[in-house]
Amino acid sequence: MRVHQYEKAFLWLGAIMLVVFMVALVITSVAASMHLPGRAGEVDPLTINSVEPFDNPGVREVAPGRYEVVLLASAWVFNPAEIRVPAGSEVTFLAAATDVIHGLHITGTRVNMMLIPGQISRNTYRFEEPGEHILVCHEYCGAGHHLMSGKVIVE
Ligand SMILES: [Cu+2]
C-alpha cells in the first residue's frame, strides 16, 4: 500500500466511526430515553426565593433513609453550604441558580449538574460510606468562582 492509500483508509475509518457514534446517540436518546441528569422543571429566577421549595433551602428527610436537598446556587455560595446525611441514605438534590449559570459537582460521586437560571435540576445519589465529599462549582461564574464550594458530610 502506498502512503495516500493509508490516508484514505484512515479517513474512511473516521467517517464510519462518526456515523456509528451518531446512530448510538440517536438510539440512546430517542429509543432508550437516556438524557443528561437535570431538567426537572422551570422556575422564575426573579421570584425563586419566594417559590416552594426554594423559599426554604436545606436538607429534609422525606421517608426513612431518604432525603431531599433543596439547594440554591448564587454568586458565589451554595445554600446550604454544608449538607449532613447518614450513611446509606438516598439523597435527591433539587437545585437551581438564582443569578448566572453555575455547576454542581459532588466529588467522589456521579452527581454532576448544570445549574441554569430558570431551570430546576434534579439528581439522586445513594451515599453508602461515611466520609466527606466536596461540593464544587464547575462552571466559571465570575470573580469568586474559585471560592464557591461546600461539603456533604456522610455520618
Ligand atoms: Cu462557579
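**Reading the strands of a predicted model**

Colleague: In what order do the five strands of the open sheet stand?

Modeller: The order is β5-β11-β10-β7-β8. Pairing in this open sheet is mixed. Keep in mind that this is a predicted model.

Colleague: Why is one side of β5 and of β8 left without a neighbour in the sheet?

Modeller: β5, residues 82-85, and β8, residues 112-115, stand at the edges. Each has a single partner strand, so one side of each has no neighbour in the sheet. There is also a twist, which averages 15° from one strand to the next.

Colleague: Let me look inside that sheet. In which sense do β10 and β11 pair?

Modeller: The sense is antiparallel. β10 covers residues 131-136, β11 covers residues 149-154, and six bridges link them. To find your place, pick Ile134: Lys151 of β11 stands opposite.

Colleague: Now step back to the whole chain. How many helices and strands are there?

Modeller: One helix and 11 strands.

Colleague: Why is the chain said to be more spread out than a compact globule?

Modeller: Compare two values. The radius of gyration is 20 Å, while the globule rule gives 15 Å for 155 residues. The chain is well over the rule, so it counts as more spread out than a compact globule. The box filled by its C-alpha atoms, taken along the principal axes, is roughly 70 × 35 × 30 Å.

Colleague: Into which domains is the chain divided?

Modeller: Domain 1 is 1-35 and domain 2 is 38-154. Their centres, taken over C-alpha atoms, are separated by 37 Å.

Colleague: Next, β3. Which strand do five bridges join to β3?

Modeller: That is β2, residues 58-63. It runs antiparallel to β3, residues 66-74. Glu61 has Tyr67 of β3 as its bridge partner. β2 and β3 make a hairpin with two residues between the strands.

Colleague: Which residue of that hairpin takes a positive phi?

Modeller: The general idea goes like this. Most residues other than glycine have a negative phi. Here the positive phi, near 80°, belongs to Gly65.

Colleague: How many bridges join β3 to β6, and which way do the two run?

Modeller: Eight bridges, and the strands run parallel. β6 spans residues 89-97. Glu68 stands opposite Thr92, and Ala73 stands opposite Ala97.

Colleague: Which residue in β4 is the bridge partner of Ala73?

Modeller: Phe78. β4, residues 77-79, runs antiparallel to β3 and is joined to it by three bridges. These strands form a hairpin as well, with two residues between them.

Colleague: Which peptide bond from Ala75 is cis?

Modeller: Again, start with the general idea. Most peptide bonds are trans. The bond from Ala75 to Trp76 is cis, with omega near 0°. Trp76 sits in the loop between β3 and β4. A cis bond also joins Asn79 and Pro80, with omega about 5°. Pro80 lies in the loop between β4 and β5.

Colleague: Let us move on to β6 and β9. How many bridges pair them?

Modeller: Seven, in the antiparallel sense. Ala95 stands opposite Ser121 of β9.

Colleague: Now the core. Which residues of the largest nonpolar core touch the most other members?

Modeller: In soluble globular proteins, nonpolar side chains tend to be buried together. Here the largest nonpolar core has 26 residues. Leu71, Ala73, Ala95, Ala96, Leu104 and Leu115 touch the most other members. The elements giving it two or more residues are β3, β6, β7, β8, β9 and β11. Within that list, β7 is 102-106 and β9 is 119-127.

Colleague: Leaving aside neighbours within four places in sequence, which residues is Leu115 in contact with?

Modeller: Its contacts include Ala73, Ala95, Ala96 and Ala97. They also include Ile101, His102, Gly103, Leu104 and Ser121.

Colleague: What share of the 155 residues do buried residues make up?

Modeller: Buried residues make up 21%. For contacts, take those with a separation of 6 or more: residues 24 or more positions apart account for 60% of them.

Methods
Residues are numbered from 1 along each chain as its sequence is written. Two strands pair if DSSP finds at least two bridges between them. Helices (H or I, at least four residues) and strands (E, at least two) are DSSP runs, numbered from the N terminus. Axes are lines fitted to C-alpha atoms, for helices over the stretch in contact, and angles run from 0 to 180 degrees between N-to-C directions. Domain bounds come from an automatic or database domain assignment. A nonpolar core is a set of buried Ala, Val, Leu, Ile, Met, Phe, Trp, Tyr and Cys residues joined through C-beta atoms within 7 Å. A residue is buried if 20 or more other C-beta atoms lie within 10 Å of its own, exposed if 12 or fewer, and partly exposed in between; C-beta atoms are placed from the backbone. Two residues are in contact if their C-beta atoms, placed from the backbone, lie within 7 Å. The radius of gyration is taken over C-alpha atoms; the globule rule is 2.2 Å times the number of residues to the power 0.38.
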